[in-house]
Amino acid sequence: MKISRQSIKKIGDVLNKATSKFRKDDSLIKIGDVFDNQYEVDGIEDHKLTWICRVFDIKDPTKKYIAKRWKNLVEDRELIEREIRIISLIADPNTGVIPQLVRPSNQYGWIIYEYIDGKQLVEEVNANVRYDSKKAINLIIELCDLLKPIHQRGIVHRRIDLKHIIRRTQDRKLFIVDFSESQRIDIDTEIEPYERIATDFTPPQLNSTTPKFDEDIYSIGIIALLSLTRFNSLSSLVNEEEVDGALAWAKHANEADIGLIKVVSQMIDKSSRIRYQNIEEVLDAINNIEIELQPKSNPTIQIPTIEPDVKLPSNHLQLSTIQSSTKHSQLSTIQSQNIEPEIKLPSKHSQPSSYVSTKFLPTMVTIESGSFMMGSAEKRSERPAHQVSIATFQMSATPITQAQWKYVMESDLNPSHHQGDNYPVESITWLEAREFCKKLSSLSQDGKVYRLPSESEWEYACKANTNTMFYFGDDLDSLQANFANNEGTSTEVKRFKANHFGLYDMHGNVWEWCEDSYVTGYKDAPIDGSAVTKTEETNNDEKVVRGGAWNTNKFSCSSTSRYSIQKNESNNNCGFRVVTDIQK
């Protein structure tokens, strides 16, 4: 239902009359009140600015409606008129995402909506039920579909929570209500809203006068968080953990798919720039998770959205849609603008056959033997935590760089998307990483055999005798690692501080291949530091990657976090480092 300009003018006239008659004793609404000689109040909800009442038609009691009235018709007149304008833009019987506006009342600023026979979403999402991953994904998709026609009209709701979403009993369809704080992008910013009260569902930027779509995405993310954790509110989560709930929540979603945790974490990130910027980006990310929950035919690492100020060649080309490449084909039409000067590498063929330039070989760090607790009790893929003994070995201090790759592979071909000789090599498959190890071994003058680390060796080296989420502690920031699109690209190795073992970039920058075949969880996993291998491998076997990357969130970068890619796939955020055994 569209409201004409004449109707809006009529509403203004009604408000003028209402405000001229407004008295303090009019502020009391009670059950049994009748207005317009037609509607009788049958139930009342008392809100900060308004009353929301259930009413029925006294001429036909079977006809029920929802009536809304503002408490202060004088001070809130601009807000009232804005909400009516916004509802007139959204109200559409074909979309059906909001209750249809029946009409503005002739008395005291009432607005009458159709009655939705159903239940608030808070009756579904509460502490009594924990959603599994598929159910939570379906809920997110439902909420995105609910918001899509609203956002397409340039409107940000700004007040989404479990009480403002109703599921109709008849057909299980969702409806959204209460547009008292809604604003249109670039239009309603001149109207100063009242100071908004922070709730579990409002982002840190709640009092910004510039509405952004990611505010509503944050609210949906919080609903998803609560559905996965069995918490009644984010505040209860914060109180239990004594830290920011947005950081602690994943510990309580121990049955959730890791891909879903990553998506929800990005939805509720404190930074508006890191959150998904529109509904389409959320749905793209969710669709990737749905694929991952099925038998994988062509898996990729989920790549979050880049910063909104980066220029893209089209409105729809986002990093989240970049697909894996089986060889060295370019993963994106977005080109790196920071190409490092080419380092002139000595040709092995121009030197005596015994000559090897150590300048372009990886620096190896000795990792002393020991035992540690591998995994965690928090995530399905990291359980059970178990003790592993590790023999002394050596690991490259950094991921293999592009200069090292070109020298060892005797080729000027650089497969990397983000190019620079001191940047980590990426966009290579597991098979190609192993081929590098063979060629590097052939250059060894002391008989060393280089290989990819086992998953347990990698985690032992990353933790460096710590038992916190990261080797810096239980939090990670942009001064410690390259992650969450802080740089918008991979960065040179050794830019950030090394861990206690002298290893750089173990958190973020690029994912790192391990020797192991991927198995969900650690049941029957080796306890001697060896890799998990399959007796019958195929080209599509999934291999473990560790450490997170420049465009993943901090949870992916933790010491215990693990992911998988098919061994013949490559990504522009995945590289590797090498290890060698100590000769006895």
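Helices (H or I, at least four residues) and strands (E, at least two) are DSSP runs here, numbered from the N terminus. The model is predicted: local features need pLDDT of at least 70, side-chain atom pairs count only at pLDDT 80 or more, and totals for chains, interfaces and linings use all residues. Residues are numbered from 1 along each chain as its sequence is written, and side-chain values use heavy atoms, with hydrogens and water left out.

**Overall**

The protein chain holds eleven helices and 21 strands. Of its 584 residues, 55% are buried. Buried means under 20% relative accessible area, exposed over 50%, and partly exposed in between (1.4 Å probe, protein chains only). A contact means heavy atoms within 4.5 Å. Among contacts between residues at least 6 apart in sequence, 70% join residues at least 24 apart. The accessible surface comes to about 25900 Å², and 48% of that belongs to carbon and sulfur atoms. Accessible areas come from the Shrake-Rupley method with a 1.4 Å probe; for residues, only the protein chains shown count as cover.

**The S7-S9-S10 sheet**

Three strands form an open sheet in the order S7-S9-S10, with antiparallel pairing. Strands S7 (118–120) and S10 (174–176) are the edges, each pairing on one side only. The twist averages 30° from one strand to the next. Two strands pair if DSSP finds at least two bridges between them. Lys-119 has Arg-167 in S9 as its bridge partner. Helix H3 (residues 133–152) lies across S9 and S10 and runs at about 45° to S10. Axes are lines fitted to C-alpha atoms, for helices over the stretch in contact; angles run from 0 to 180 degrees between N-to-C directions.

**Strand S15 and its partners**

S15 (residues 393–396) sends Phe-393 and Met-395 one way and Gln-394 and Ser-396 the other; all are buried. In a regular strand the side chains alternate between the two faces of the sheet. S15 pairs with strand S12 (residues 364–367) and is joined to strand S21 (residues 579–581). Met-364 stands opposite Ser-396, and Met-395 stands opposite Val-579.

| Strands | Bridges |
|---|---|
| S7 and S9 (residues 165–168) | three |
| S12 and S15 | four |
| S15 and S21 | three |

Helix H11 (residues 455–463) is mostly covered, with nine of its nine residues buried. Among them are Glu-455, Trp-458 and Tyr-460. Ala-464 follows H11 and has a positive phi, near 50°.

Arg-562 sits in strand S19 (residues 562–566). It counts as buried because its relative accessibility is 3%. Not counting residues up to four places away in sequence, Arg-562 touches residues including Ser-381, Glu-382, Tyr-518, Tyr-522 and Arg-546.

**Asp-474**

Is Asp-474 buried or exposed? Asp-474 counts as exposed because its relative accessibility is 57%. Asp-474 lies in the loop between H11 and strand S17 (511–517). It touches Thr-468 and Met-469, not counting residues up to four places away in sequence. A polar atom of the Asp-474 side chain lies 2.9 Å from the backbone nitrogen of Met-469. Asp-474 and Ser-558 are 84 residues apart in sequence, but 8.9 Å apart in space, C-alpha to C-alpha.

Note on methods:
Polar contact = N/O pair within 3.5 Å; in protein donor to acceptor, adjacent residues only side chain to side chain.
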